[in-house]
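Subject: Structure handover

Hello,

Here is the structure we talked about. Please open it first, then read the notes below.

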Amino acid sequence: MEEDSLNIGQFLERVDIVEVVSDYVKLKKSGKNFKALCPFHPEKTPSFFVNPEKQIFHCFGCGIGGNAIKFLMNIEKISFYEAVNIIAKKMGIEILKRTDIKENLERKKLLKINEYTANFYNRLLFSQYGKIALEYLYKRNLNDEYINKFMLGFAPKGNFLLNKIEEEKLNKDDFILAGLIDEDGEDVFKNRIILPIYNIKNEIIGFGARAIEEQILPKYLNIKENILFNKSASLYGINWAKEFIKSSGFAIFVEGYFDVLKMHINGICNSIAPMGTAITEMHLNILKKLTDKILLLFDGDDPGIRAGMRNLENILRKGFEIKICMLPAGFDPDKFIDEYGVKSLHNFIEHSYDFVDFAISVNSQIYDIKNPKEKSIVVKEIVKIISNIPDEIERYEFLKKLSEKMEVKLEILEDYLEKKINEGYKSNLNKIEPKNQIFSAEGLLIELLLNDKKYLEKIFEYRGQLTDRIEKIILICENLLKRGLEINPNFLITELDDEELINFISSVGMKDNNTFSENKKERIFNDCIKKLREKKLLVEIDNLKKRMNEKMVKGQNYNDELKEIQRLHTQLNQLKRRENGKEEKKF
Ligand SMILES: [Zn+2]
């Protein structure tokens, strides 16, 4: 972003967050701000605010915040550049040409490399080196036609790709960038069946690979993520399934690569798989354009069920209708078709559960529903899942069903649902891991900096002595100043990728500018700096202790670490001594 940063500044000055947000939610004027029902969490009274003066938004219900760019990134689940481009188009602003071209070139380069590599491994599969792999695939009922359709390949033992690159004098660095050669300059995939991963546009964006020998771990290996390949936005099989999803009216989620292949060669072509067990919001955004119905087909064993339950809420929240088809324990679609044939599978799919039946069935295996206490747990759990459905009428229908099945009065369930919807997200907020939480001295200091710029110069004196988060803020402020830009929440947010910090800054930004009295500022500043220096020293000492322990275990000399720890302790004590005599300030 470096060379184009100035453009971003000019760009932001011309963007109107109210216009951007209005495309998604109905804003109502409320004093200096606009308010609305939050599009990021279900609620009945508005806690989502947009401040046109500062060009930021913040939801006091779920805590999310940011500027126009972050809003679009979050709501559309897109990258920074995509968001900027959409806004630019909408506002008729021409910017970021250079970055655009640069990112496009990079993408094109990687696509070419992936195409090249897929072809190379495909040829190897049919060569003398690919015999075992080819046999394995034939055994799984994949014939040559299918193998070529799915572009399957084989990477034998050794550095076949590397040798090819050297032989053809290609740029090795490009292949490292594509994740196909590792940092030691070796082939990433060895002795593995190669499965190219396509996006919806039928471009190869990445690779997965299966070990050919059962004892080799991990059984499945993907390339590292890069600008093309983002696991949480990739769906295996989507390129082949796309048209079938549209025509059949629903998408089937299976668990693995070979499940997808098995389904497709058996004519169940609307099947796809996430990369891993989690179905993400980005996956659902891709699907939303094709269908609003999802069928989860999975192994009826414990991990399968757990993954299914985990994905439920996400899918419901996005407004999908969901059906669940649980295979007998120990069976994946691949094995099921082999033993019972594809007709039985169709039969199974036709008799799939809706999620209320599924949740009742799963929970009644864990809990004793005849016991009032346990029944209450189960019912509440299911109402919680129902609370994710955005549509009120649908919610009601499922509630009615639950009420009948579990023999609980509908009014009781309605009351509980109401409560869940109103408070649900707040409790989620408290679950954020403590290590991600903003240290209160960090928060106060940032608030002070945004209030009064004179403390910026003062803080520069303490560089290198403060916590990582604050050091990052200082660096960003310095960059903004260098480029002649103002230090304000909007610009700070643009430069940050730390979500906690973005949300925090937007919440501070919503306040009035003069929250601190003049004589209090100085004391707050000094107290915060002291706390942060202490915190930084403690973190360093902790890291050194860890390193020392590692060396101890390995029987290595750890004198340097020990000396450094002692030195830091002395510093820490000096800091604390200076604090003596003053009242202890708690943050
Ligand atoms: Zn919210």
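First, a term: a residue is buried if 20 or more other C-beta atoms lie within 10 Å of its own, exposed if 12 or fewer, and partly exposed in between, with C-beta atoms placed from the backbone. On that count, 36% of the 587 residues of the protein are buried.

Two notes on reading the file. This is a predicted model, in which local features need pLDDT of at least 70, side-chain atom pairs count only at pLDDT 80 or more, and totals for chains, interfaces and linings use all residues. Residues are numbered from 1 along each chain as its sequence is written.

**Overall layout**

The C-alpha trace spans about 80 × 70 × 60 Å along its principal axes. The protein has 25 helices and 15 strands. These are DSSP runs numbered from the N terminus: helices are H or I with at least four residues, strands are E with at least two.

There are four domains: domain 1 (2-95), domain 2 (99-229), domain 3 (357-430) and domain 4 (436-579). Their bounds come from an automatic or database domain assignment. The centres of domain 3 and domain 4, taken over C-alpha atoms, are 44 Å apart.

Contacts also deserve a look. Two residues are in contact if their C-beta atoms, placed from the backbone, lie within 7 Å. Among contacts with a separation of 6 or more, 62% join residues 24 or more positions apart.

**The cores**

A nonpolar core is a set of buried Ala, Val, Leu, Ile, Met, Phe, Trp, Tyr and Cys residues joined through C-beta atoms within 7 Å. The largest one has 94 residues. Ile194, Ala251, Phe253, Ile272 and Ile382 have the most contacts inside it. Helix H5 (residues 97-125) gives the most to this core, with seven residues. Domain 2 (99-229) and domain 3 (357-430) both contribute residues, so this core lies between them. A second, separate core has 53 residues, including Cys38, Ile69, Cys528 and Leu532.

Back to Ala251. Leaving aside residues up to four places away in sequence, Ala251 touches Ala241, Ile245, Asn270, Ile272, Leu287, Leu290, Thr291 and Ile294.

Helix H11 (residues 257-265) is mostly covered, with eight of its nine residues buried. Among them are Tyr257, Asp259, Lys262 and His264. Gly267 follows H11, and its phi is positive, near 85 degrees.

Two strands pair if DSSP finds at least two bridges between them. Strand S13 (residues 293-299) pairs with S14 in the parallel sense over seven bridges. Phe298 stands opposite Met326 in S14. From S13 the chain crosses through helix H13 (residues 302-317) to S14, and this β-α-β crossover is right-handed. Right-handed here is judged with the strands pointing away from the viewer: the path from the first strand over the helix to the second runs clockwise.

Six of the seven residues of S14 (residues 321-327) are buried, so the strand is largely enclosed by the rest of the structure. S14 also runs antiparallel to strand S15 (residues 353-354), joined by two bridges. In that pair, Ile324 stands opposite Tyr353.

S1 (residues 28-30) and S2 pair in the antiparallel sense over three bridges. They form a hairpin with two residues between them, and Gly31 in the turn has a positive phi of about 65 degrees. Lys29 stands opposite Phe34 in S2.

Side chains alternate along S2 (residues 33-36). Three bridges join S2 to the antiparallel strand S3 (residues 48-51). There, Lys35 stands opposite Phe49.

**The sheet S6 to S9**

Four strands form an open antiparallel sheet in the order S6-S7-S8-S9. Strand S6 (153-155) and strand S9 (220-222) stand at the edges with a single partner strand each, so one side of each is left without a neighbour in the sheet. Strand S8 (residues 204-211) pairs with S9 over three bridges. Tyr220 in S9 is the bridge partner of Arg210.

Best wishes
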